[in-house]
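Here are some notes to read alongside the structure. Keep the view open and turn to each spot as it comes up.

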Amino acid sequence: MILELNITPLNKWFPHYKKPLLIAGPCSAESELQMLETAKQIAAFYPNSIFRAGIWKPRTRPNTFEGIGNIGLQWMQQVKAETGLLTATEVANANHVEECLKSGIDILWIGARTTVNPFSVQEIADALKGVDIPVFVKNPIYPDTQLWAGALERVNNAGITKIAAIHRGFHSYDNGPFRNSPKWELAIDLKAACPELPLICDPSHIGGSPELIPYIAQKAMDMDMDGLMIETHCNPENALSDAKQQIKPFQLNEIISDLQIRSSSVENIELRNKLEELRCIVQKLDNDLLELLAKRMTISQQIGEYKKENNITIFQVAHWKKLMEGGILTGDLLGLPKEFIKDLYQLIHDESIRRQTEVMNKLPKK
Ligand code: PEP
Ligand code: MN
């Protein structure tokens, strides 16, 4: 993927930037008291953080709390005046942008349900023309990095250079323990396409429960992400949205204080040499794996020819199941997890079937 963006680095616009950039606050603005209480408690631990609160809430089903609306913007102003925290909220259309700009909101973000829709993103981008405000773009609900990149491009093309991407996980039918499957590889794809783009992780929406937040936040730091957005509420049990995943400010402090922030560059020469040595071994092993795979595929092709001569179908379910079960057993003995073996075998099998199909059926002439 190619992604060329004109970016102002975080440390050029965010006062006192220190990793991780912290964005904390409730899922939704609910009352003046809830906002001020939460913000004061957060500011006591993290005076350089950004205070988040949703004013308009994109809810999957109607008749749930859909946000407090414009009055919440006044509470945001109060938070800023009384704590000095910068304020951030989600915008989903041009009207939201206008209201936020009028109320002096410092940072805007585009939510996961909006990033999927290029019309909405373009509407927001158009409303931002000529404005100098930081904008964060959450990943789309579905695992599509092109949509994520596209939304960043639209915002950037409108002249916004203070941008960052927020990784909040993806909808999937097999989420494992997570509310939204993290699919870290997609965040890595985006980072690889545009290394200067700051990446912020949202462990609250990935995890969906407080117990998973420390693990996800640490992993984000180990993936060299730049910041964290964590839903924090002075009274999470009674929250009007996302009650199950919000934490109290003191818990936020425990999580952030326990984080290990590791260096992404190796300064020490001895350490660098050792790492280089191990990386060479890994590279050689990867090459060996590829050679073996290539050999395996030529045998698959021979099997395809044999099947063709004898009029046998390419796929036989009983054989495939036996192969997979055997692989999982062997993998287990070698300490390789079942999920990994399943994915790996699926990939190898798909390529094998593709080749046998080529052998069996001549492709139609164009
Ligand atoms: C939120 O941050 O409260 C929110 C609605 O998140 P997302 O867009 O990631 O679902
Ligand atoms: Mn939320």
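1. How far is an oxygen atom of ligand 1 from an N or O atom in the side chain of Arg52? The distance comes out at 2.7 Å. Bear in mind while looking that this is a predicted model.

2. The side chain of Arg113 puts a polar atom 2.8 Å from an oxygen atom of ligand 1. Glu231 also takes part: between an N or O atom of its side chain and an oxygen atom of ligand 1 there are 3.1 Å.

3. Now look at who else sits around ligand 1. Besides Arg52, Arg113 and Glu231, the residues there are Cys27, Lys57, Glu90, Trp109, Gly111, Ala112, Lys138, Arg168 and His205.

4. Step back to the fold. Eight strands form a closed barrel, in the order S1-S2-S3-S4-S5-S6-S7-S8, and their pairing is parallel. Going from one strand to the next, the twist averages 30°. As background, strands of a sheet pair through backbone hydrogen bonds, and they can do so in parallel or antiparallel fashion.

5. Strand S4 covers residues 107-110 and strand S5 covers residues 135-138, with three bridges pairing them in the parallel sense. Trp109 has Phe136 in S5 as its bridge partner, and Trp109 is also one of the residues around ligand 1. On this sheet packs helix H7 (residues 145-157), which touches S4, S5, strand S6 (163-167) and strand S7 (199-201). The directions of H7 and S6 make an angle of about 155°.

6. Two backbone details deserve a look. Where is the cis peptide bond that has omega of about -5°? It joins Lys19 and Pro20, and Pro20 belongs to the loop between helix H1 (10-13) and strand S1 (21-25).

7. The other detail is at Asn63. Its phi is near 65°, which is a positive value in a residue other than glycine. To find Asn63, go to the loop between strand S2 (50-52) and helix H3 (71-83).

Notes: Residues are numbered from 1 along each chain as its sequence is written. Chains are lettered from A and ligands numbered from 1 in the order in which they are written. This is a predicted model: local features need pLDDT of at least 70, side-chain atom pairs count only at pLDDT 80 or more; totals for chains, interfaces and linings use all residues. Side-chain values use heavy atoms; hydrogens and water are left out. Two strands pair if DSSP finds at least two bridges between them. Helices (H or I, at least four residues) and strands (E, at least two) are DSSP runs, numbered from the N terminus. Axes are lines fitted to C-alpha atoms, for helices over the stretch in contact, and angles run from 0 to 180 degrees between N-to-C directions. Contact means heavy atoms within 4.5 Å. A residue is near a molecule or strand if one of its heavy atoms lies within 4 Å of it. A polar contact is a pair of N or O atoms within 3.5 Å; within protein, one must be able to donate a hydrogen and the other to accept it, and residues adjacent in sequence count only if both atoms are side-chain atoms.
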